[in-house]
Amino acid sequence: MVEYFRFDVRCVFAILFCSWLLFGCSHPAGNQGSGNRLENARSPYLREHADNPVNWFEWGEEALEKARIENKPLIISIGYASCHWCHVMEEESFMDTAVARMMNENFVSIKVDREERPDIDQIYLSAAQLISGNAGWPLNAFALPDGRPFYAGTYYPNKQWRKILEQITEAYKEKNGVIIQQAAQLTKGIQTQEVITLPADTVSRYTQKMFANLFDRWQPNLDLIYGGFGDPPKFPMPATWEFLLQYNYLTDQEKALDAVVTTLDAMAQGGIYDHLGGGFSRYSTDANWKVPHFEKMLYDNGQLVSLYSHAYQKTGKPLYAEVVHQTLDFIKNEMTASGGGFYSSLNADSEGTEGKFYLWTTTEIEKLLSPELANLFKEYYQVLDSGNWDNGFNILFRNESVEAFAKGKNLPVPVWQKMLKQAQVTLLEARKRRIRPTTDDKILTGWNALMLKGYVDAYLALGSKEYLDAAIKNAVFLEKNMIRRDGGLWRNYIDGKAGIEGFLDDYALLAKAFIHLYQATFDIHWLEKARNLADYAIKHFRQKESGLFYYTSDLSENLIARKMELSDNVIPSSNSVFADVLFVLGQYYADDAYLAMSNGLVRHVYQDVNDNGRYYSNWSRLVGMMLFKPFEIAVVGETATEKSIALQKHFLPNAIFMGGTEENLPLLENKSVAGETIIYVCRNKVCKLPVKSVEEALQQLEE
């Protein structure tokens, strides 16, 4: 098992490595002292490895120089704080003194937090993909002293890891030429994988008819019974369902909406959702969303708050509003720093056991609740005396709605809701007395931006001022601590200090969040900040020949490859988000240069949108915006913000809002009327007759 991720392998580089490696070597024994260089690392994940007998280094010149001087291969071991199988491999192998001796004598070993240094992770993840076609975490790569990899894999049990160490040690000494040749071939593959240096095709054009046919290509891959895609593991993939919501809005394809509702209902009822404390785990290990991988990631929950908010706007389902409220309670209570930043994740493990914090026995439930309530609670959440998971433990999940269960028990719905709430509160209070999973308390710019946008979306859908206040507080924190004087971004903030050069996703996601905050407040400051971030990224990340953007800036560390992100994953690709940012800024500022750059980016993926849509869902959503032309809704006057918020309570995925009391954008010029608040519904800079009421504006939008 490894911590999986989904990836569209655009080219598979066939490399044969193991033909001359023989298994079955002896196991050295020995004793190592405790402690290493990681005790002073800023990353919580790296500090977790400080007591390993492995002589770990952080990534940097010290480690690379040692490898060069001693002519030793590198072990580059990559993971993250909430990764269950990373912890398993640590306990099995990296705490083993015999294994540590093998690593210390024959290698220079480097530990990397993939969340801090996704640029490093991308390179060695590509190596694993090119060798085997898949990858995940923990990721363990073997490289020459200059960082060029020659082999990479994921989780290895202790015995297998020992054999690999022995085999590579022998091969590096006796077949060094083959190793160097392997590294050269593999590095060449990494440097060309998902990196485009040619201009986009200027001939191909996408049409509304082609867009309308997209669902026919998606449908065979959709699980229309349990939601999501195909076989497990199943990831939430929020960008997928955001696109299908927009697709339904633009094409009236009801099956697209059905796929979204099926998925969101199943996730909200399944074990992937925390029914007591709120929030979602990273993925489900089964097809029915019942058995989660228990870590909770900020990036998932930020995007899912946005998704459930939009789904609530579209459907009005109370379940979706409940999920948003509970998830934001979880973020407030467990993932928010005092200054307004958001922490990165909660561990899957506690007390050395995956999921232990969240599991229940029937005995525990029966001690906490009255007999009647305990029986109802157990039936509602599928709790069994023998356990519905391992060793008599139960994951809480349900198969029917509150209303359906109440009806089946001849209980009035309000009565059952009150009883259920009482049980949830009681068990949650008991759970708080358990040993809690550890928190990775680093604050990452891009992930915070996703949560910032989630708070704004929740505010627009549900109207809670508390959510807008949290969004503004986070935005102020990020502006103060993560934006440098030169206009660039830091990636990471921990222990009161910011550091690590920001990556393209940090710029793209934060600019998008700031744009969203502007639309909720009409505070031009946030739109100007978004524009500044975009201009900085254009200067430091853009590849001029293709028009695409590198993941790293020209100020970042010079690694063996400079990668690009094109395909959308659990988090949309940085190029797709930035293309969206440029498109929207082009609308706001009537800037043809922004629009041309956005168009150029999209032209690179037209064929991919058509052929591999599930891996280009955020691109697909932008294609929809471009083809169907967004509504430009200008609201000007003293009550502009209030009327705009009333409009934005509705699901309008192809609308861009602007306004306030000042004519500070091109589309706002000459639109003010003294003593009045006026709404203009425009498209392609052509406006319908101005109206004064929200109802009239909505009617114009429907027309």
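A polar contact of 2.5 Å links the side chain of Q326 to that of Y273. The model described here is predicted.

Q326 belongs to helix α13, which covers residues 318-334. Beyond its neighbours within four places in sequence, Q326 is in contact with G277 and G278 as well as with Y273. Its relative accessible area is 13%, under the 20% cut-off, and Q326 therefore counts as buried.

When neighbours within four places in sequence are set aside, A430 is in contact with W360 and L368. Between A430 and E364 the C-alpha to C-alpha distance is 9.5 Å, although 66 residues separate them in sequence.

The table sets out the accessibility of both residues.

| Residue | Relative accessible area | State |
|---|---|---|
| Q326 | 13% | buried |
| A430 | 12% | buried |

The model also contains an open sheet of five strands, arranged in the order β2-β4-β3-β6-β7 with mixed pairing. Its edges are formed by β2 (57-58) and β7 (149-153), each of which pairs on one side only. Strands β3 (residues 74-79) and β6 (residues 139-143) are joined by five bridges in the antiparallel sense. L74 has A143, in β6, as its bridge partner. In general, the strands of a sheet pair through backbone hydrogen bonds, in either a parallel or an antiparallel manner.

Helix α2, made up of residues 61-70, lies across β2, β3 and β4. Relative to β4 (108-113), helix α2 runs at about 155 degrees.

Notes
Residues are numbered from 1 along each chain as its sequence is written. This is a predicted model: local features need pLDDT of at least 70, side-chain atom pairs count only at pLDDT 80 or more; totals for chains, interfaces and linings use all residues. Side-chain values use heavy atoms; hydrogens and water are left out. Buried means under 20% relative accessible area, exposed over 50%, partly exposed in between (1.4 Å probe, protein chains only). Contact means heavy atoms within 4.5 Å. Helices (H or I, at least four residues) and strands (E, at least two) are DSSP runs, numbered from the N terminus. A polar contact is a pair of N or O atoms within 3.5 Å; within protein, one must be able to donate a hydrogen and the other to accept it, and residues adjacent in sequence count only if both atoms are side-chain atoms. Two strands pair if DSSP finds at least two bridges between them. Axes are lines fitted to C-alpha atoms, for helices over the stretch in contact, and angles run from 0 to 180 degrees between N-to-C directions.
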